[in-house]
Amino acid sequence: MSNPATPPAVGVLDEDAPLTFPPGFLWGAATAAYQIEGAAAEGGRTPSIWDTFSHTEGRTVAGHTGDVACDHYHRLGEDVRLMAELGLKSYRFSVSWPRVQPGGSGPANAEGLDFYRRLVDELLANGIEPWLTLYHWDLPQELEDAGGWPARDTAYRFADYSQLVADALGDRVKYWTTLNEPWCSAFLGYGSGVHAPGRRAGADAVRAGHHLMLGHGLAVQALRAARPGPQLGVTVNLYPVTPATDAPGDVDAARRIDGLANRFFLDPLLRGSYPADLVADLAKVTDFEHVHDGDLATIATPLDLVGVNYYSRHVVAAPVPGEKPEPYWRASSSWPGSEDVRFVTRGVPVTDMGWEIDSPGLLETLRRVHEEYTDLPLYVTENGSAFVDVVVDGQVDDADRLAYFEAHLRASHEAISAGVPLRGYFAWSLMDNFEWAWGYTKRFGMIYIDYDSQTRIPKSSARWYAEVIRRNGLAAQ
């Protein structure tokens, strides 16, 4: 591993008393195409909504774009070698839709598919299981121009694209995720507009959420038809939602936000229905006429696994006249029908994103999904933290991030001990990258990226995580 950093004393494993994970536990790290690949106009790739959004004045911090990002497109070999040195058992990456199918329709772009063929072959040659995500927010701009995710046709275009990827990679990729965090795609992209495509309409956000899930169901059916062997799933970002007090208004506020954040997706995907209280909450926003006969059965097409992305907890309270929450990811317009709910901060430690650090929330979330929804295998497909990182003598000592990972891995182990069928954990992120509207100002990576030179520097957390993987466990407390 180039430029190794010495791990700090925090979290040193005790060989004599390890907190061991089950045999075969899948240790991984995750990235997303637009955040790391760069080469935005190379190899036949055409613009996505994130290209358009980031090139629009005022949309991202300092006008940052993903044009170059981490230059992973040209540094694939170096990056896979770093993964191998970390001992990763799996790597979760996303495929760029406009790289594989320019414009979102028509035949596959051979040059784009060849990039992913090389990536998959490199991973397998290094003993790393590829975990492929079909959609991590980079909708081809032409499909947005035709209506985007609020338009029903986009779901069918997504299924066609999924078929192209399956035809090319289905013989070598075992694990497939259709969507990553459809809440963000729908409610940040079409509700608050803080993510691409930057539209602001509650009804569009609700329609987008439904059509994303419809596209997921259609894609699962297409993937199964293409090849029966791979393990198919979806990744949802989930939050425990807690009332600020036990007052009835706060309890109802928690119910409303839980409906939009969690049950809007979990219920259709795993139960084949929308919650009645959620439909009532949204009555002033939409009449759900976009839900056609047979849609919910398609959305609930059986899966092999469920991915959970976890970062923090929502604590909410009843509205107070004249007050509203304003951290960007909790902007009131992200919550159609519940714009008046207040998000409460508790004064606990936060990451550089301002997100409260709450590792017990991961245990709570995993138990809820298993106990209330499904016996399917679960995977933590993203979990991580942004902190300010400083290079000193060629090393990055990110003790806060290391402690964050350790706390959440302990919560993961506790979930397994409680009977949750948790089969793997993917750290977010493998490397620093383009953090969406925050550009390059927030760092989540275990590997530091010098964006001027593209030098990779493994941080202390990377060295520590490599030891966790090697020993398949943590020190017992």
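These are my notebook entries on a predicted model.

**Entry 1: the barrel**

I began with the strands. I found 8 of them closing into a barrel, in the order β2-β3-β4-β5-β6-β8-β11-β12, with parallel pairing. From one strand to the next, the twist averages 25°. I noted a general point beside this: strands of a sheet pair through backbone hydrogen bonds, either parallel or antiparallel.

**Entry 2: strand β2 and its partners**

I looked up β2 next. Strand β2 covers residues 26–30 and pairs with β3, residues 90–94, over 3 bridges in the parallel sense. Strand β12, residues 422–428, also runs parallel to β2, and 5 bridges join the two.

Which residues does Gly28 meet? In β12 its bridge partner is Phe426. In β3 its bridge partner is Ser90. I also found Ala29 opposite Tyr91 in β3.

Then I checked cover. In β2, 5 of its 5 residues are buried. Leu26, Gly28 and Ala30 point one way, while Trp27 and Ala29 point the other way. In a regular strand the side chains alternate between the two faces of the sheet.

**Entry 3: helices on the strands**

I turned to the helices lying on these strands. Helix α5, residues 110–125, lies across β3 and β4, and runs at about 170° to β3. Helix α7, residues 153–169, packs on the sheet and touches β4 and β5. The direction of α7 makes about 160° with that of β4.

Is Glu382 buried or exposed? Its relative accessible area is 3%, so I put it down as buried, the cut-off being under 20%.

Its side chain has polar contacts. One goes to the side chain of Arg92, at 3.4 Å. Another, of 2.5 Å, joins the side chains of Glu382 and Tyr311. Leaving out residues up to four places away in sequence, Glu382 touches several others, including Ala30, His136, Asn180, Glu181, Phe426 and Trp428.

I also took a distance to Gly148. Gly148 and Glu382 are 234 residues apart in sequence and 26 Å apart in space, C-alpha to C-alpha.

**Entry 4: Ser48 in a loop**

Ser48 sits in the loop between α1 and α2. Its relative accessible area is 0%, so Ser48 is buried. The Ser48 side chain reaches the backbone nitrogen of Trp50 at 3.1 Å. Apart from neighbours within four places in sequence, Ser48 is in contact with Tyr34, Pro98, Asp138, Leu139, Pro140 and Gln141.

**Entry 5: the nonpolar core**

Which residues touch the most other members of the largest nonpolar core? They are Tyr135, Trp176 and Tyr465, in a core of 143 residues. Helix α9, residues 202–226, gives the largest share, 10 residues. A general note: in soluble globular proteins, nonpolar side chains tend to be buried together.

**Entry 6: helix α14**

Last, I tested a length. Helix α14 has 19 residues, 399–417, so at 1.5 Å a residue it should span 27 Å. I found its end C-alpha atoms 27 Å apart, which agrees. The buried residues of α14 include Arg401, Tyr404, Phe405, His408, Leu409 and Ser412. An α-helix has 3.6 residues a turn, so residues three or four places apart point the same way. After α14 comes Gly419, with a positive phi near 100°.

Note on methods. Residues numbered from 1 in each chain as written. Predicted model: local features only at pLDDT ≥ 70, side-chain atom pairs only at ≥ 80, totals over all residues. Heavy atoms only, no water. Helix = DSSP H or I, 4+ residues; strand = E, 2+ residues; numbered from the N terminus. Expected span 1.5 Å × (residues − 1). Buried < 20%, exposed > 50% of the residue type's maximum accessible area, 1.4 Å probe, protein only. Pairing = 2+ DSSP bridges. Axes fitted to C-alpha atoms, helices over the stretch in contact; angles between N-to-C directions. Contact = heavy atoms within 4.5 Å. Polar contact = N/O pair within 3.5 Å; in protein donor to acceptor, adjacent residues only side chain to side chain. Core = buried A, V, L, I, M, F, W, Y, C linked by side-chain atoms within 4.5 Å.
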